[in-house]
Amino acid sequence: MLKKILVANRGEIAVRVIRECQDNGIPAVAVYSEADRDSLHTLIADEAVCIGPGNPTESYLNMNNILQAALSTGCDGIHPGFGLLSENAKFADLCRENDIKFIGPDGDTISKMGDKSTARQMMMAAGVPVVPGSDGAAESTEEALRIAEEIGYPVLVKASAGGGGRGMRRADSSEELPEAMKQARMEAEAAFGDGTVYLEKLILNPRHIEVQVLADQQHHVIHLGERNCSIQRRNQKMLEEAPAFGLRSETRTKICQAAVLAAKCCDYEGAGTVEFVMDSQEHFYFIEMNTRIQVEHPVTEMVTGINIVGEQIRIASGIPLRYTQEDVQMKGHAMECRICCEDPLNNFSPCPGKVDFVHFPSGFGTRVESALYSGAVISPYYDSMVAKVITLGENRVETVRRMRRALGETVIEGPKTTQPLMQMILYNRKFLRGNYNTGFIGEELPELTSMVQTAGMLKE
């Protein structure tokens, strides 16, 4: 096993990884910005090193400072968590050059799968279904117009190096496409330093289905089933569940097999997620592979009983997978609700500030991942997600009921949060029937926010 691990992240995922290291008898080193000096991940780690000011570009994205922290504390491994440097090929390569194990795939794999047009070409070669579109980057507006005419409108212009909905523009006609290309390129260049874009047919209001995979250094690859992540606002996930409710068994088998093919074709190592869009006839298409741990990994852990973060550390240590595909058994139904410090009645504006009091739920089949504590301060510098509430039941009905109870027990006093909105989703008829897609929030938000206002659940 690795002897000492630096956790190059913050918030709940840093807390999760630090606890996992300590459970395995591995000393964990936290890094923190000046704004996070009193954050939970800093307080529970075996050691903690300040790496810069609150601005993430000067701290959590400062590769040199993080590497120096790892070297000065004698770490032989770095866990990047999610976001920040977790999918940065240069950082993975720098770790290798300094004889530090990056807990994840190598830089070459991250580069290939992080470039959406390159990944698309690899999937096509491997026989994984992809959304109709350009074979690679769309080099010019003229080329994009020709491709769009072939595949039909509406189309999406997408950044090759993109993610999180950035560098993405919709075009419903040839008149709209040139401006969509221009805007996507500008946003991609500003966000990722790479203005390359490609074209895809827009699958209107699909389901967003993703498959968790694990792959060791000995080239064994398994999947841990699928998740439905279709409750989204502006391409940001809000609620996830596993398994995907109502999926035909043959579709489930095919999509999971496709995910394993995707991991094998890029010689993957570690925990990864292969993401697909699925239409109403259950035709599915590859959209991207996330080469890191996902925010929503707990729902898969709950239904499989497999500790994904623990497996990441074992794999990075060179230990073969201890599970075959036949060993992986799904049991029950799990759901995760993300709670963000945002005001859902004011266009989801961020609500940083001091948390006066926190109480999280417990009980059978209930799990919470958070870095909050009474007196903690929510910084304006970072992502607004502050907690994830996860429940497990024997079936989806029991899971929903347990989540209603768990969110009802959750108390976060101080900043406004999306907790009341998440509670209302759990009573929505379309959601309860499992009949929802990525258009759910756009269609149901007015009614949901009206329910929150009527119930008086959001404090002024």
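Y381 is partly exposed in this predicted model, with a relative accessible area of 45%. The class lies between buried (under 20% relative accessible area) and exposed (over 50%), computed with a 1.4 Å probe on protein chains only. Y382 has 13% relative accessibility and therefore counts as buried. Ring pairs join Y60, Y381 and Y382 into a cluster. Residue numbers start from 1 along each chain as its sequence is written, and side-chain values use heavy atoms, without hydrogens and water. As the model is predicted, local features need pLDDT of at least 70 and side-chain atom pairs count only at pLDDT 80 or more, while totals for chains, interfaces and linings use all residues.

The structure contains 7 aromatic pairs. Rings of Phe, Tyr and Trp (its six-membered ring) pair if their centres lie within 6.5 Å; planes under 30 degrees apart count as stacked, over 60 as edge-to-face and the rest as tilted. One of the pairs is F91 with F102: the ring centres are 6.1 Å apart and the planes stand at 80°, so the geometry is edge-to-face. This pair links distant parts of the chain, 11 residues apart. F91 belongs to helix 4 (residues 89–97) and F102 to strand 5 (residues 101–102). Helices (H or I, at least four residues) and strands (E, at least two) are DSSP runs, numbered from the N terminus. F91 is buried, at 0% relative accessible area. F102 is buried as well, at 5%. For Y381 and Y382, the ring centres lie 5.9 Å apart with planes at 50°, so the pair is tilted.

R396 lies over the face of F245, 5.0 Å from the ring centre. R396 also lies over the face of F431, at 4.7 Å. The criterion places NZ of Lys or CZ of Arg within 6 Å of the ring centre and within 35 degrees of the ring normal.

There are 2 cavities of 30 Å³ or more. A cavity is a set of points on a 1 Å grid over the protein atoms alone where a 1.4 Å probe fits but cannot get out; lining residues have an atom within 4 Å of a point. The largest cavity holds about 40 Å³. Its lining includes F102, I103, G104, R292 and Q312. The second largest cavity holds about 30 Å³. I103, G104, E269, G270, A271, Q312, I315 and A316 line this second cavity. Helix 11 gives the most, with 3 residues.

Note on methods
1 Å grid on protein atoms, 1.4 Å probe; cavity = no way out; pocket = protein on both sides within 12 Å on 5 of 7 lines; lining within 4 Å. Points joined across faces, edges and corners; volume = space filled by probe spheres on them.
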